[in-house]
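Student: Hi! Could you walk me through this one with me?
Tutor: Happy to, let's have a look together.
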Amino acid sequence: MTAGAALPRPRTFVGRGGLLLSADVWGEASSPPLVLLHGGGQTRHAWQRTGPRLAALGWRVIAPDLRGHGSSQWSADGDYALDLFADDVRALVAQVGGRPVLIGASLGGLSSLLAAGEAPRAAIRALVLVDVAHRPDPHGARRIAEFMRQRPDGFASPGEAAATVSAHLPHRPRPDDPEGIRKNLRRHGDCWFWHWDPRMPAGFEGRMDPPGMAERLLAAARQADVPILLVRGGISDVVREDIAEQFCDRVPHARRVDVADAGHMVAGDRNEHFIDAIIPFLEGIE
């Protein structure tokens, strides 16, 4: 493992409107940059195993909390439109410099796709979309929205929150230490709450596939003048196989790889297999 790869260094970036975004950074300052963007309802800690591994392979890895998530600031007016996230990605890319590779999961992938393909285009080298394409399966989108809306009154303990996640992700082995979920929680009084702005889940399902968004995302993908890799979870209920095929058929510079036995949260479900799936793509970037 290269020096500085094991433990992250904290850094703060500035998003749209001056909103502060907290991030973890691994790897050497002289290494080529790679930005990891988590999904809706997650935090930068979703990449806590991926970041060090990619840094050990020679990348400078930056994993921010998206606005309204983790330690980043919340939107003052409670607005979490997709275009705001895309503008945050553009701001991140400009501050990181060096034409980074973007790896975006779910919400992070949608934001990256718009930032890469719509004016003003973010200056990037390549884009990896993790279990996100131009449209989600309605059942999968509904299941995510329902999970984010439940338990608005919080949890009595981190263990109770961990049990809720396990029920949501029955294909994933239960963690040996349920206390590890603390990084995704904030404590208020005697209760534990998810580490996101509670205003954000409102309308989340509708924002995943509003009218016209599928064609907009396909157009952005076609206009993004960079290689695109779609990494689909082999048992995902959000990106069906036919949706992934349609995306690649309509975006000539996109290709696809599936990670067996992984659901929507590919890196969390099968991290080593996820990294193995993206390495050939990363090695082929000019």
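Tutor: Let's begin with a strand pairing: Trp26 stands opposite Val61 in strand 4. Keep in mind that this is a predicted model.

Student: Which way do strand 2 and strand 4 pair, parallel or antiparallel?
Tutor: Antiparallel: strand 2, residues 20-26, pairs with strand 4 over four bridges.

Student: And how many bridges join strand 3 to strand 4?
Tutor: Three, and those two strands run parallel. In that pairing, Pro33 stands opposite Arg60.

Student: What do strand 3, helix 1 and strand 4 make?
Tutor: A right-handed β-α-β unit, in which helix 1 covers residues 50-56.

Student: Is strand 4 buried or exposed?
Tutor: Buried. Arg60, Ile62 and Pro64 point one way while Val61 and Ala63 point the other way, and all are buried. Five of the five residues are buried, so strand 4 is largely enclosed by the rest of the structure. As background, side chains in a regular strand alternate between the two faces of the sheet.

Student: Nice. Where is Ser75?
Tutor: Ser75 sits in the loop between strand 4 (60-64) and helix 2 (82-96). Ser75 counts as buried because its relative accessibility is 3%, and the cut-off for buried is under 20%.

Student: What does the side chain of Ser75 join up with?
Tutor: The side chain of Arg67, through a polar contact of 2.9 Å. Leaving aside residues up to four places away in sequence, Ser75 touches Leu19, Arg67, Tyr80, Asp197 and Arg199.

Student: Switching topic: how buried is helix 3?
Tutor: Eleven of its eleven residues, 107-117, are buried, so helix 3 is largely enclosed by the rest of the structure.

Student: What do those buried residues pack against?
Tutor: Their partners are strand 3 (33-37), helix 2, strand 5 (101-105), strand 6 (126-130), helix 7 (213-223) and helix 8 (241-250).

Student: How many disulfides are there?
Tutor: Zero, from a search of the whole structure.

Student: Last one: what pLDDT does the chain average?
Tutor: It averages 93, and 94% of the residues score at least 70.

Student: Where does pLDDT stay under 50?
Tutor: Over residues 1-5, for which the model has 14 contacts beyond four places in sequence. Where pLDDT is low, the predicted coordinates should not be read in detail.

Notes. Residues numbered from 1 in each chain as written. Predicted model: local features only at pLDDT ≥ 70, side-chain atom pairs only at ≥ 80, totals over all residues. Heavy atoms only, no water. Buried < 20%, exposed > 50% of the residue type's maximum accessible area, 1.4 Å probe, protein only. Polar contact = N/O pair within 3.5 Å; in protein donor to acceptor, adjacent residues only side chain to side chain. Contact = heavy atoms within 4.5 Å. Disulfide = S-S within 2.5 Å. pLDDT = per-residue confidence, 0-100. Pairing = 2+ DSSP bridges. Right-handed = clockwise from strand over helix to strand, strands pointing away.
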